[in-house]
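Q: Hi! Could you walk me through the aromatic rings and the cavities in this one?

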Amino acid sequence: MREFVQRTLTWLCIITLIGLGFWAWQGPTAGLVAVIVSLLAWLGFHLYHVALMLRWLAHPTAERVPDGFGSWHSVFLTLYRLMRTQSQSKRKLTNVLERFINAGEAMPDGVVVLDEHDRIEWLNPMAMEHLGLDRKQDVGNQILNLIRQPSFHAYMTNASFSQPLVLHMTQPRELVISVQLVPFDSTRKLLLSRDITSLDRVQTVHRDFVANVSHELRTPLTVVGGFLETLSDMEEVDQDTLRHFLPMMMEQSRRMQSLVEDLLTLSRLENSPKAVAAEKVNMQEMLDTLMVEAEGLSQGRHQIRLERDCTQWLWGSASELHSAFGNLVSNAVRYTPEGGTVTLSWKAEGDRLRFSVRDSGIGIPREHIPRLTERFYRVDRGRSRGNGGTGLGLAIVKHVIARHNARLDIQSEPEKGSTFSVIFQRERSADPDQQAA
Ligand code: ADP
């Protein structure tokens with residue numbers, strides 16, 4: 001500013017000196033004309049730079065700042081520097097904003113920014129997926145018009161958002177979502193959504209499991225308790241009564257024992273690390289043992305056969321495999337009426353190995369097959385309990401074969417019979433003479 005005043009004063013002095021010079025040389029008129037001409041030239045000089053400035057202001061970028069003379073040179077230089085600093089900070093701000101938006105877009109949780117009237121300002125792809133919203137159509141619309149569940153309305157109109165709300169969405173697909181509002185900026189709100197479908201499923205499975213175990217234990221406990229009460233009410237207990245009650249009580253206690261044993265096996269399988277490869281399992285011995293067990297269970301009521309077309313052994317855990325194969329054999333015997341056939345087979349199929357148990361029993365309707373390995377899932381509850389089933393056998397089989405990277409195949413037809421096969425990959429195949437790694 002001071003420089004500008006100094007320059008202006010200098011020019012005024014120069015113009016005055018020119019006027020005085022002409023006055024002294026040609027008289028007062030010439031002096032006046034010289035001053036007017038100099039002032040006009042000075043004015044023209046400034047008007048020219050103002051025009052440059054106006055032209056630049058139409059598209060004000062740092063690259064197009066004009067060049068000028070005298071004090072205008074300083075003005076344009078200052079403008080140039082100002083524009084450079086401004087465009088640098090604008091670029092920085094744009095980068096920060098871009099990074100923020102990219103981070104928001106990549107977030108695994110849904111984020112919706114709502115304005116003071118709960119209209120959508122911005123949302124990320126996860127929010128679209130969770131809440132069934134569309135960025136093109138829904139930005140600018142009120143969230144309450146788009147999510148119409150009564151619990152969400154109640155939550156939005158509630159003043160306290162400290163707890164999340166669980167929503168069961170059906171569109172665009174079945175999801176369980178936890179949503180939470182976070183007010184910010186005094187008027188705006190963030191709506192955060194998280195997919196808790198698997199967590200909800202685990203909780204439901206856990207709840208069902210506890211309910212099932214309690215139910216399974218309550219029945220035999222009630223029966224035993226009832227017998228004991230009857231016996232204690234009797235003044236004298238004769239041998240006949242004891243002979244009548246004791247086997248029934250023992251049967252119920254055996255049922256509880258099998259259930260607890262199966263529960264412990266399941267828990268062991270679930271809690272131990274998945275590393276069953278180091279042991280070489282002698283499949284000849286295993287099949288012989290299974291045959292003896294099948295005959296023991298059948299008590300001569302079935303024909304038990306063995307088809308052994310393979311001499312290979314298996315890398316795995318002998319105890320776990322015995323438990324899985326034993327469950328399949330026990331099921332085949334238990335679900336095959338007297339006179340039926342149960343066939344155990346051990347075969348090589350290409351580079352796979354297949355252990356199967358085929359029976360000519362009651363079979364399973366097709367719709368039940370996908371759910372058989374769920375804990376406590378039974379096709380016929382009464383029949384399973386009646387033959388000593390706990391409802392956990394196939395759940396144990398599923399765990400064991402998963403730990404051996406194998407696959408369970410179930411083929412069945414009602415009234416004709418079932419075939420349960422465990423198919424092992426080539427890596428599990430062990431030569432009987434091969435040494436452990
Ligand atoms: P359970 O102790 O009840 O036998 P599992 O888990 O071993 O429990 O089997 C689940 C259900 O699958 C059984 O209740 C039964 O309905 C059906 N199932 C299993 N194996 C057979 C089979 N070989 N033939 C017919 N049904 C079977």
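Predicted model: local features only at pLDDT ≥ 70, side-chain atom pairs only at ≥ 80, totals over all residues.

Q: How are Trp 72 and Phe 76 separated in helix H3?
A: Trp 72 and Phe 76 are 4 residues apart in helix H3 (residues 71-106), so about one helical turn separates them. Helices (H or I, at least four residues) and strands (E, at least two) are DSSP runs, numbered from the N terminus. Residues are numbered from 1 along each chain as its sequence is written, and side-chain values use heavy atoms, with hydrogens and water left out.

Q: Is Trp 72 buried or exposed? And Phe 76?
A: Trp 72 is buried, with a relative accessible area of 13%, and Phe 76 is buried too, at 2%. Buried means under 20% relative accessible area, exposed means over 50%, and partly exposed is in between (1.4 Å probe, protein chains only).

Q: How many aromatic pairs are there in the whole structure?
A: A search of the whole structure gives 8 aromatic pairs. Trp 72 and Phe 76 have ring centres 5.7 Å apart and planes at 40°, so their pair is tilted. Rings of Phe, Tyr and Trp (its six-membered ring) pair if their centres lie within 6.5 Å; planes under 30 degrees apart count as stacked, over 60 as edge-to-face and the rest as tilted.

Q: Which parts does the pair of Phe 325 and Phe 424 tie together?
A: Phe 325 lies in helix H11 (residues 318-334) and Phe 424 in strand S12 (residues 417-424), so their pair links parts 99 residues apart in sequence. The pair is edge-to-face, at 6.3 Å centre to centre with 85° between the planes. Phe 325 is buried at 0% relative accessibility, and Phe 424 is buried at 1%.

Q: Which residues form one aromatic cluster with Phe 325?
A: Trp 346, Phe 355 and Phe 424 are in that cluster with Phe 325.

Q: New topic: how many cavities of 30 Å³ or more are there?
A: The count is 1, and the largest cavity holds about 50 Å³ of space. On a 1 Å grid over the protein atoms alone, a cavity is a set of points where a 1.4 Å probe fits but cannot get out, and lining residues have an atom within 4 Å of a point. Grid points are joined across faces, edges and corners, and a volume is the space filled by probe spheres set on the points.

Q: What lines the largest cavity?
A: Its lining includes Glu 216, Arg 255 and Thr 390. Helix H8 (197-233) and helix H9 (239-271) are the elements that each give two or more residues to that lining.

Conventions: 1 Å grid on protein atoms, 1.4 Å probe; cavity = no way out; pocket = protein on both sides within 12 Å on 5 of 7 lines; lining within 4 Å.
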